[in-house]
Amino acid sequence: MGSYILKRLAAAIPVLIGVSVLVFFIMAMIPGDPALAILGSYATPENVAKLNADLGLDKPLVQRYFIWLGNMLTGDFGRSYSQNKPVIDEVLGRFGNTLILAGVAFVLCSILGILAGVVSAARQYGLADKVITFTVLIGISIPSFFLGMILIILFALKLRMFPVSGMYLIYGGGGPVDLLNHLVLPASALAVVATGVIARLSRSAMLEVLRQDYIRTARAKGVGERRVIMGHALKAAMVSIIPVLGIQAGFVVSGAVYIEMVFDWPGIGQMLVNAISQRDVLLVQGGVVVVAACYVLFNIVVDVAQAMLDPRIKT
Amino acid sequence: MTLFNWTRRAVIAAGAAIALAPMAATAQTPEGVLIVGQVAEPKSLDPAAVTAVNDFRILVNLYEGLTRYKPGTLEVAPGLAESWEVSEDGTEYTFKLREGVTFHDGTPFNAEAVKFNFDRMLKEDHPFHNTGPFPLAFFFSSVEETTAVDDTTVKFKLSAPYAPFLSNLAYPTGLMVSPAAVEAGGAEFGRAPVGTGPFKFVEWRANEAVVIDKYEDYWGEPAGAQAVVFRPIEDANTRVAEMIAGGIDMMVEVPPTALSQFQGDEFNVVEQAGPHVWFLILNAKEGPMADKKVRQAVNYAINKEAIVNDVLEGTAEVAAGPTPPAFAWAYNDALSPYPYDPEKAKALLAEAGAEGASLTFYVTEGGSGMLDPVAMGTAIQADLAAVGLDVKIETYEWNTFLGNVNPGLEGKADMAEMAWMTNDPDTLPYLALRTDAWPENGGFNSGYYSNPKVDELLESARTAIDQEERAALYKEMQEIVQDDAPWAFIANWKQNAVTNNRVENFSLEPSFLLQLEKVVKK
C-alpha cells in the first residue's frame, strides 16, 4: 500500500505542472491587463506601460512563467495587486473558508445521498423509492444558485430563521454556533444537486449488489434484512460509490463558486471571480494551483480508499 | 426495527434540529454602531494609493485633507488648513495649518507631515515612494515643491497656475496620512491606516469587515456614532436581502429595480445628484461621425428620457452637456438637453448623406459609474435603428473595454460608452475634450475631438484664479461643446443609499463621499 501511495503521489507532479502551465498561459491570453485594473478610468496607455514594467509584466512570457514557478516552489506566490497582500495568505485564508462550506455540504450530501439510495434500492418500486426518485429528480434539476436565492427569501427574509450572508455576525460574532447558523442555508443549497447524484448512483450500485448470489444466500441463511443491506450489500456497493463521492467532492468545491457569491461567503470561489475581473493574475494563478493541488490530493485519497476496500485493485 | 423506520427517525430529527436552530439571525444590530453594506472589499486604506469610490467611502471618515467640501456642495472649505493665501501669479499657495491636531497614533499633524505626504506621492526618490503606486498623483502634478515654512505654515510652489488645486486637496487623493505610521508600516500601511479624522481604525477582518471607532481626541466636534462597521457584500441582491433582514443599517448603490422594496416607514431612501456624466464618445476623426451633423443627429435620435425613466427607473437625470449640474457654479443652466426628435435626426443624416450608415458601438458589461451599460446600449441601438442607422454592438468586460477605448477609437469603433465622476469642472473636459488630450498625447480624448476655441477656454479656465471668471469660461465651453456634439450626452446619475429608521442625520454628499461623522444610530 505504501508504494501504491507513493506512486500515486509521484504521478501527481506532472499533473500539477500541467495545471500551472495551463493557468499561466490562459491568464496571459485573457485580454485586459492588471495595470488597467489598478489605474482604473484614469489609465493612460503610457501609465499602463510604466506600471506593467514596474510589475515585471513586460518580460517575455516564458521567462515570466519560470520566474513564477521558481518563486512558487520556494513558497512565494507573489503579491496580489487587488488585495495588496501576499497571494498565499489570501488564498489559504479563503480556501479554509471554502473547505468549511464545501466540507459540510459534502458530508451532508454523502450521508443523505447514500441513505436515500440505500432506502430506494431496498424498497425498489415501493412508495419510498418513488418519493425519493421524484425528489432526487427535482434536486438535480434546480441550479444551486437559484435554490440559494429561494432559501434566502424563505428562511432569511420571510421566516427570519437564518442570516442572509457572511460567516459570522459582524458584531460580537464568532464561535461554532454562529458559524453553524450561517452555514445552514449555503451548505444546504450547495448539497442538493450532489445529494441527488449520489442518491441515484448509490441506488443503482445497491441494486446491482442486491442481485448477487451471496445476498440471496445470506437471506436464505436467515440473516436479518437490515444486516443484509447495511452489512453485506452497502459494504460491497461502497466500492462503486466511493469514486462517485470523489467526483462529487470536486463538484461541490466548484459549485461553491456560485453559492459563495449568493451568500457572500468569503471563500476561494468568490475570491477567484473578483480576482479575474480585477485581472489580478497572480491571485488567480495562485488560487487555481492550490485548488488543483487539493483536487489531486483528494483523488489520491479516493483511490487509496477504494484500494483498501477492494483487494482486486492492484496496489 | 426496519431500515425505513431508522431513516424516518433521522429525517424527523433533522427537521427538528433545523426548526430549533438558533434564532440569532434576527437579532438587532447594536446601538451606536452603524453597519454599512459596501459594494466590495476595499483594496487599500491608503488614500494616495486607491481610486475607487468604494474605498473613498471609508477613507473620508479616517482622514482629512487640507481642504474639504462644504457639506452639501462641491465648494471648497477649510479642513486641516484654517486659511490660505494664493500669490498674485497663482503659482504659490501658502496654508496656515490648524493647531493642536494629532494623528490617531499620537504624533502631531504639522507642516512636516504635509510635506512628507506630498513628497511621498510625487518624488520618485522619496524613501517611501515605493509604498505606491499612486495612480491619481497626477492631480498634483503641477506641484513643484512643498516647503514646511514653520510648524504651522506650508507652502506649495506650482509649475503654472492651476485653479483646481484647492478642490483636488479636498479629494481623497489629498488626504493626510501619518508619516510615522507610513515609516512603521511601509507597504502594509494601507492595511493599518492612521489619519486625523473623527474615526480611528480598529481592525480589518479580511473579506468580512473594516471596523472604525469614534476618535475621542478629535479636534472638532466628536462623531455621532461610537463605531462604524463597513461590510463588503459584493452581490447587489444579497446586499438588498441583508438590508431587509436587518443585518446592515445602511447600504449604498441600491439597484434601481430594488428601490421599491424600501418604501415604507422602516427605511429611508436618500438620493443626491453628483458630478457624474454618462455619455457616448463619438469618433470625430473618421467615418460618419466625423461630420458634426451626424453627431448632432445621434444626440437627437436617442430618447434620453426613456433611458433615465425606464431603463434606470428614475435614478438619473437627462444630461445637457459635458458638465454635470452638480458643479452649480460652473454649470451653464441656459443649456437644455437635445430633445428627442427622430425626424430632425433623419433630416440631419440625409443632409450629411449618412442614411443607413453602419456603425460599430463599444458597450461594456459594467464598470465604475457605468450604471446599466448593456441595457442602455441596446436602448440606444434601437433608437438609432429607428432613424436608419445600423449599429453593431460589441460588448467587452470593463478592463478589456478600457484597454480598447482609452488608446482611441480610430480604426475600431464609431462610438463607445463612457462615464466619469470628477471633483472639479476642470477634470473631465481637460482630460477628455482638448486637442492635446488625444490618446497619443496621453489623454482620454478617445474620439479625437478638436476645437481650438475649446482648448483655449479650458487652458484659460484652469489658470484663472477668480471663480467667476472661471465659471464664465466653463459656461462658454459647454455651449460650444454641446453644439459640436463630440459626445452624445445621456445621463447624470443620482447616487442613492438606503438606511433603516434607526439611522439619523444621514445625507449623501454631491462629492460621492460618505461623510458619517454626524450620523447617529439609535
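Buried, in this talk, means under 20% relative accessible area. B:Asn404 has a relative accessible area of 19%, so B:Asn404 counts as buried. That residue is in helix α11 of chain B, residues 398-405. Apart from neighbours within four places in sequence, B:Asn404 touches B:Tyr362, B:Tyr396 and B:Lys412.

Before going further, a word on the model. This is a predicted model. The scores are ipTM 0.83 and pTM 0.86. For chain B the average pLDDT is 91, and 95% of the residues score at least 70. One stretch to keep in mind is residues 21-26 of chain B, where pLDDT stays under 50. The model has 14 contacts beyond four places in sequence for that stretch.

I will take chain A next, and begin with helix α11. How many of the ten residues of α11(A) are buried? Seven are, so the helix is largely enclosed by the rest of the structure. The buried ones are A:Ile268, A:Gly269, A:Gln270, A:Met271, A:Leu272, A:Asn274 and A:Ala275.

The packing with α5 can be described in some detail. Two packed helices are described by the angle between their axes and the distance between those axes. Here α5, residues 87-122 of chain A, and α11, residues 268-277 of chain A, have axes 7 Å apart and an angle of about 135 degrees. The two helices are therefore oblique to each other. On the α5(A) side the residues involved are A:Glu90, A:Val91, A:Arg94, A:Phe95 and A:Thr98. On the α11(A) side they are A:Ile268, A:Gly269, A:Gln270 and A:Met271.

Now the backbone around that helix. Most residues other than glycine have a negative phi, and most peptide bonds are trans. A:Asp264, in the loop between α10 (225-262) and α11 of chain A, has a positive phi of about 50 degrees. At 5% relative accessibility, A:Asp264 is buried. After α11(A) comes A:Arg279, which also has a positive phi, near 55 degrees.

Chain B has a case of its own. B:Glu253 has a positive phi near 50 degrees and is in the loop between β11 (250-252) and β12 (267-273) of chain B. Is B:Glu253 buried, exposed or partly exposed? With a relative accessible area of 29%, B:Glu253 is partly exposed. There is also a cis peptide bond in chain B, between B:Gly132 and B:Pro133, with omega at about 10 degrees. B:Pro133 is in the loop between α3 and β6 of chain B.

Back to chain A for one residue that touches chain B. A:Lys85 is in strand β2 of chain A, residues 85-86, and is buried at a relative accessible area of 11%. Which residues does A:Lys85 contact, leaving aside its neighbours within four places in sequence? They are A:Arg79, A:Ser80 and A:Glu90, together with B:Arg191 and B:Ala206. A:Glu90 is also one of the α5(A) residues that meet α11(A). As for distance, A:Lys85 and A:His232 are 147 residues apart in sequence and 53 Å apart in space, C-alpha to C-alpha.

The next topic is aromatic rings. Over all chains the structure holds 33 aromatic pairs. In one of them, B:Phe139 and B:Tyr171, the ring centres are 5.2 Å apart and the planes are at 45 degrees, so the pair is tilted. B:Phe139 is in the loop between α3 (111-122) and β6 (143-150) of chain B, and B:Tyr171 in the loop between α4 (165-170) and α5 (179-185) of chain B, so the pair ties together parts 32 residues apart in sequence. Both residues are buried. Ring pairs also link a cluster made of B:Trp84, B:Tyr93, B:Phe95, B:Phe118, B:Phe140, B:Phe156 and B:Phe165.

Two charges over rings in chain B belong here as well. B:Lys285 lies over the face of B:Tyr448, 4.6 Å from the ring centre. B:Arg462 has its charged end over the ring of B:Tyr430, 3.3 Å from the centre.

Last, B:Asp46, in the loop between β1 (33-38) and α2 (53-62) of chain B. Is B:Asp46 buried or exposed? At 2% relative accessibility, B:Asp46 counts as buried. Beyond four places in sequence, its contacts are B:Leu59, B:Tyr63, B:Arg120, B:Thr131, B:Val177, B:Phe189 and B:Gly190.

How values were computed. Residues are numbered from 1 along each chain as its sequence is written. Chains are lettered from A and ligands numbered from 1 in the order in which they are written. This is a predicted model: local features need pLDDT of at least 70, side-chain atom pairs count only at pLDDT 80 or more; totals for chains, interfaces and linings use all residues. Side-chain values use heavy atoms; hydrogens and water are left out. Helices (H or I, at least four residues) and strands (E, at least two) are DSSP runs, numbered from the N terminus. Buried means under 20% relative accessible area, exposed over 50%, partly exposed in between (1.4 Å probe, protein chains only). Contact means heavy atoms within 4.5 Å. Rings of Phe, Tyr and Trp (its six-membered ring) pair if their centres lie within 6.5 Å; planes under 30 degrees apart count as stacked, over 60 as edge-to-face and the rest as tilted. A charge sits over a ring if NZ of Lys or CZ of Arg is within 6 Å of the ring centre and within 35 degrees of the ring normal. pLDDT is the predictor's confidence in each residue, from 0 to 100. Axes are lines fitted to C-alpha atoms, for helices over the stretch in contact, and angles run from 0 to 180 degrees between N-to-C directions. Angles under 35 degrees count as roughly parallel, over 145 as roughly antiparallel, 65 to 115 as roughly perpendicular and the rest as oblique.
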